[in-house]
Amino acid sequence: MQLELKHIRGGELEQEYSCHPKEFPGLVLLTGVGDSVYRDPVLVKLRFVQSGRLIEVSGYVQATLDLICGCCLSPFTFDLAEEFALSFVPESTLPDLTTEVELETDELALIPYREDRLELLVPVQEQLLMAVPMHPLCLDDCKGLCPDCGVDLNKTACHCEKKVFNSKFGDLAHLKGREV
Ligand SMILES: [Zn+2]
Ligand SMILES: [Zn+2]
């Protein structure tokens, strides 16, 4: 996924890519672990605006993933949709820019480019990875599994006795009571 600057005519360009998840090595890696699987296709929309040598990109990624709920362990479908913005500057101007504004490259979120070509794969992949929840939940209020009998409490209720949460805590309260 690359773009040559000469294709941005009149300072603006809109591109739409329908990608196979395999085009992104980072997503393949994640799939290998087995906790999230990107379905085909991954949709990427990018709008390029050029002002001088600065290229600003507004982007949108959309994908469907198979995830495992971290609470009840059920597989579920997650619809990923994320907007983002990127700025590309020529690699040669980067050191001057950062000393002038006294900011780290990371803070500016500037991506260097070389030979009038934007490398888009890595920054787009980053967006796809960041949009996946760290602790996926099938429902906002997933009830999880019963710690005693293991039933999925979203589907069935169980009749396990709700035990006192922590007996040590009870002892502590007792001791404190005596001190007073
Ligand atoms: Zn769940
Ligand atoms: Zn139970």
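## The β7–β8 loop

E115 sits in the loop that links β7 (110-113) to β8 (117-119). The model is a predicted one. Phi at E115 is positive, about 50 degrees, yet E115 is not a glycine.

D116 has 12 C-beta neighbours inside 10 Å, so it counts as exposed. Most residues other than glycine have a negative phi.

## A cis peptide bond

Which two residues does a cis peptide bond join? They are D40 and P41, with omega about -5 degrees. P41 belongs to the loop between β3 (36-38) and β4 (42-51). Most peptide bonds are trans.

## Strand pairing

Strands β5 (residues 54-68) and β6 (residues 75-90) pair in the antiparallel sense. The pairing runs over 14 bridges. Within it, Q62 stands opposite A81 of β6. Six residues lie between the strands of this hairpin. L73 takes a positive phi there, near 65 degrees.

How do β6 and β7 run, parallel or antiparallel? They run parallel, and four bridges join them. In this pairing P90 faces Y113 of β7.

L94 is in helix α2, which spans residues 94-101. L94 is partly exposed, with 16 other C-beta atoms within 10 Å.

L94 and P112 are 18 residues apart in sequence. In space, their C-alpha atoms are 7.0 Å apart.

## Helix α4: one buried face

Which residues of helix α4 (residues 121-130) are buried? They are V124, Q125 and L128. Seen down the axis of α4, these buried residues fall within an arc of 100 degrees, so they line one face of the helix. An α-helix has 3.6 residues a turn, so residues three or four places apart point the same way.

The other side of α4 carries exposed residues: V122 and M130.

Methods. Residues numbered from 1 in each chain as written. Chains lettered and ligands numbered in written order. Predicted model: local features only at pLDDT ≥ 70, side-chain atom pairs only at ≥ 80, totals over all residues. Helix = DSSP H or I, 4+ residues; strand = E, 2+ residues; numbered from the N terminus. Buried ≥ 20, exposed ≤ 12 C-beta atoms within 10 Å, placed from the backbone. Arc of directions from axis to C-beta. Pairing = 2+ DSSP bridges.
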